[in-house]
Amino acid sequence: MLYRYNMHSVSKIAIIGAGVSGIAASKQLSHHNPLVFEASDSIGGVWRHCSYNSTKLQSHRRDYEFSDFPWPQRESSEFPTHLEILDYLHSYAEHFDVLKNIRFNSKVVEIRYVGDQEDLSSSFGGLPSDHRTPLPGHPVWEIGVQKNNQSDSIQWYAFEFVVVCIGKYGDIPKIPEFACNKGPDVFKGRVMHTLDYCKLDQEAATKLLEGKKVVVVGFKKSGIDLAMECAKANQGPQGQSCTMVVRTPHWIVPHYRIWRSGISKFIESYLLRKLPLEKYELKPEHPFEEDYASCQMAIVPENFFSEADKGKIVFKRASNWSFWSGGIEFEDNSKLEADVVVLATGFDGKKKLKSILPRPFCSLLDYPSGLMPLYRGTIHPLIPNMAFVGYIESVSNLATSEIRSMWLSGLLDKKFELPSVEKMLSQTLHEMDVMKRSTRFYKRHCNSTHSINHNDEMCEDMGWSSWRKKNWITEGFSPYSSEDYRKKD
């Protein structure tokens with residue numbers, strides 16, 4: 001590997017990633033002319049690189065839009081496809097001239113801290129009470145970038161502030177661990193992760209699934225959508241069934257999504273009447289509100305359980321499983337034959353971050369509680385001059401990223417200051433404690449239950465009124481939307 005040490009300094013601010021969070025941050029910080037590094041050849045993030053042919057948004061388009069850029073046909077009841085979402089994101093980027101700041105095919109492979117070492121030492125030896133200066137007038141970070149067409153060299157850039165927007169999903173799959181001679185190597189069929197399946201076009205995907213005994217491991221959105229694609233590819237008498245291996249059932253809701261109002265027990269009763277969860281032993285043992293609080297609900301595709309009734313989708317509850325030469329073996333020693341096994345087992349977002357952050361920062365990502373302590377969902381109190389956008393989940397990750405990008409813009413423009421490291425850590429630990437009381441799945445770092453409170457706090461930081469409606473009646477009785485948080489010129 002060749003390293004080019006001639007340092008480039010073309011902007012004060014770097015943004016890593018041009019997915020939803022990256023283009024939101026780029027737009028809100030456009031007056032600083034940030035430099036955006038995107039590893040691929042296009043914007044869109046997971047919508048571009050980690051979507052199936054059948055992937056759709058899990059909410060109405062009006063619930064997934066930027067505050068100052070409404071969807072066309074925004075009142076349509078149809079959930080937009082991933083291609084429609086990509087069109088929307090491209091239109092947004094072109095409308096606000098975001099693309100000019102993006103360098104495509106530019107993968108960030110390393111980040112080095114070059115800031116004040118004395119300040120760094122005090123940050124870890126104690127808890128300094130002084131506020132950091134987001135734009136100190138000198139480089140704090142150096143970023144090593146590998147161009148796709150120059151894979152043998154790394155170019156270095158210097159920045160005062162870095163915004164990390166590479167997200168938690170995609171890139172690094174989470175693969176289960178197996179005992180010796182119990183892993184994929186003993187299986188004679190094909191094993192792949194959903195990340196690999198996403199890269200197949202329609203023809204290749206159909207060829208992989210058609211007439212095959214397919215096992216999908218996992219029962220969240222990616223697994224459910226994949227099982228539905230498998231069922232569609234196996235219609236007719238020659239078609240095989242797709243078996244979903246389910247360890248922990250989570251609450252799923254109909255494609256027409258009636259769940260947005262009501263209390264947990266009422267919603268659970270409704271879902272049990274509308275969906276055959278008990279018939280297929282898919283009723284979760286935990287309350288609905290815990291899945292809502294951890295952003296783990298999945299909307300089932302239309303006709304999903306109709307395919308199950310026809311035997312095209314089969315469910316197998318299992319806590320532990322492994323491979324044998326002909327398929328999957330379960331803890332009760334029963335075996336399931338398979339031609340293809342697809343792992344819908346999620347992604348390792350923490351590992352992705354740790355791969356580029358230097359020491360000691362990479363070891364502090366989840367210090368001290370196992371979660372990233374992000375003040376206002378954006379600033380790690382122990383990592384100077386860096387922000388993380390897109391790591392807090394919500395019902396609408398786009399809206400969550402946008403308001404945090406607005407807040408970050410206010411911070412960098414000195415509209416307000418950060419509190420002390422000690423106060424920021426205290427605040428984040430309190431929020432984590434609230435999440436732990438809300439759901440056993442708190443490590444997903446979701447703020448859906450408290451999103452309005454968090455938005456109110458950011459509005460107050462920015463000097464905005466936390467009352468976003470025009471009058472007290474709509475404030476008290478109308479749901480908030482992204483339009484309510486539109487930045488006023």
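How far is the sulfur of Cys198 from the closest cysteine sulfur? The closest one sits in Cys50, 3.8 Å away, which is too far for a bond. Before going on, keep in mind that this is a predicted model, where local features need pLDDT of at least 70, side-chain atom pairs count only at pLDDT 80 or more, and totals for chains, interfaces and linings use all residues. Residues are numbered from 1 along each chain as its sequence is written, and side-chain values use heavy atoms, with hydrogens and water left out.

Back to the cysteines. A disulfide is a covalent bond between the sulfur atoms of two cysteines, and here it is taken as a pair of those sulfur atoms within 2.5 Å.

Now look at two helices (DSSP runs of H or I, at least four residues, numbered from the N terminus). Helix 12 (residues 397-412) and helix 14 (residues 451-461) have axes, lines fitted to C-alpha atoms over the stretch in contact, that come within 10 Å and cross at roughly 25°. That makes the two helices roughly parallel, a label for angles under 35 degrees. Where they meet (heavy atoms within 4.5 Å), Ile403, Arg404 and Trp407 of helix 12 face His454, Asn455, Met458 and Asp461 of helix 14.

Definitions and conventions
Axes are lines fitted to C-alpha atoms, for helices over the stretch in contact, and angles run from 0 to 180 degrees between N-to-C directions. Angles under 35 degrees count as roughly parallel, over 145 as roughly antiparallel, 65 to 115 as roughly perpendicular and the rest as oblique.
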